[in-house]
Amino acid sequence: MGWGIFQYNPIPDQASAHAAKYDALFWTISILTVVFTLFVVLLILFYAIKYRRGTKVDRRNPMTHHNGLEALMMGVPLILALGIFGWSAKQFVEVRSMPKDAMEVFCIGKQWMWHFQHMNGIRENNELHVPVGQPVKLTMISQDVIHAMYLPEMRAQYHVVPGRYTELAFTPTKPGRYKILCAMHCGTQHSEMVGQLYVMDDREWGEWLEKGGNKYKDKPLNMVEAGAQVWKDKGCGNCHTGLDNPRAPSLVGILGKTRTMTDRTTAVADRDYLREAIKIPHNRITAGWENTMPVYGSTLTETQVLELVEFIKSLSVSRGEFQRTDMAGSTAASDGDSTAVDISNKGSSAGNAQFRSSEER
Ligand code: HEC
Ligand SMILES: [Cu+2]
């Protein structure tokens, strides 16, 4: 696959649904550029030679104006440029629209590695395994500086920035091993921020999943379970219960809801909103509550925030109980204290004691 010592193929494989379309546009623009450049250069050379000093050519009545020629010289490039604009705008919209049925994988960029986190809990460093033919959506964030996820064979690239989630989607069409690169100069070891993308057929993918990604003997906790663990460790349930209460608002079904802040602005509770609400709660205070939520800031890793959000997404209030939708009665929900929540606030004194201690911590 590489080109000798460069280990780099300037014309990478076409291994995603978008690749051939991208290449058609790329080569059209490249060829047009070359054709027009050559045309102008050759004309310059031709006339420079023809009219050089001392040649015997007819220099009477030089032409000063030619409407037809002018219209041609503006019209042809205009039509070509608008055509390319329309064509590339269509591709841009296609590439930036996230497919609804995509398999979501989380990606955290850090100096200098790529960390991937699958929904089922499998973690990977500098390696990403995906099944062939299935749209994949990477939800990405950086832990430090600006990086850029670049998958040349997928013709996919997007910035990975600190403090905000970005997304990148691609549909691999050909099993194989491909490159993961960082396309943003991000420090001294930027060039070593590389990895491998493994696109697997159904059988290989099944085996890989079965073995928990080969690297773990036991099945790892999935995102929701891991989130429940963080929720418990950090004592979120000391304040947040199934229903709004004086200590904190309920987080059941919060994703996608419109929240009103104390300054009467509103915000849609998307992933970015939840991340900010958890890491830097004092930035915006939800109307109806005080600024009493502890600042979790750097005590939570980006992975833990992603896990918490998956856990929050899974919360529901059913039959008056505050439970996980997917695994009611299992460890996370049933072990009494912080996760199973006291909606009636019967134990509010105990709750407050916990609440104080978690704040002092
Ligand atoms: C000391 C009580 C307390 C604890 C502990 C606490 N919160 Fe909060 N939380 C609040 C309060 C009060 C608000 C509303 C005021 C605000 O926006 O900061 C809030 C708001 C939020 C919001 C925004 C909700 C909305 O209505 O828009 C999220 C999300 C959230 N908390 C998540 C968490 C998570 C996750 C944890 C554990 C890591 C946690 N909280 C721990 C008290 C708490
Ligand atoms: Cu980087």
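Here is a short walk through the model, one selection at a time.

Before you click, note that this is a predicted model: local features need pLDDT of at least 70, side-chain atom pairs count only at pLDDT 80 or more, and totals for chains, interfaces and linings use all residues. Residues are numbered from 1 along each chain as its sequence is written, while chains are lettered from A and ligands numbered from 1 in the order in which they are written.

**Whole chain.** Show the cartoon: you have 8 helices and 14 strands. Helices (H or I, at least four residues) and strands (E, at least two) are DSSP runs, numbered from the N terminus. Of the 361 residues, 24% count as buried; that takes 20 or more other C-beta atoms within 10 Å of a residue's own, with 12 or fewer making it exposed, anything in between partly exposed, and C-beta atoms placed from the backbone.

**Ligand 1.** Zoom in on ligand 1, which has 29 residues around it, with C236, C239, A248, A277 and M293 the closest. To be near here, a residue needs its C-beta atom, placed from the backbone, within 6 Å. Colour helix 5 (271-279) and helix 8 (348-360): each puts at least two residues into this shell.

**The core.** Next, select C107, M149 and L151, which touch the most other members of the largest nonpolar core, a set of 52 residues. Such a core is made of buried Ala, Val, Leu, Ile, Met, Phe, Trp, Tyr and Cys residues joined through C-beta atoms within 7 Å. Helix 6 (residues 302-313) is its biggest contributor, giving 6 residues. Stay on L151 and, beyond four places in sequence, you'll find contacts with A156, F170, Y178, I180 and L197; a contact means C-beta atoms, placed from the backbone, within 7 Å.

Most residues other than glycine have a negative phi, and most peptide bonds are trans. Jump to the loop between strand 6 (147-151) and strand 7 (156-160) for R155, a non-glycine with a positive phi of about 50°. Is R155 buried or exposed? It counts as buried, because it has 23 C-beta neighbours inside 10 Å.

Now try N61, in the loop between helix 1 (19-50) and helix 2 (67-96). N61 has a positive phi too, about 45°, but this residue is exposed, with 6 other C-beta atoms within 10 Å.

Finish at W112, in the loop between strand 1 (103-110) and strand 2 (113-118).

How values were computed
Two residues are in contact if their C-beta atoms, placed from the backbone, lie within 7 Å.
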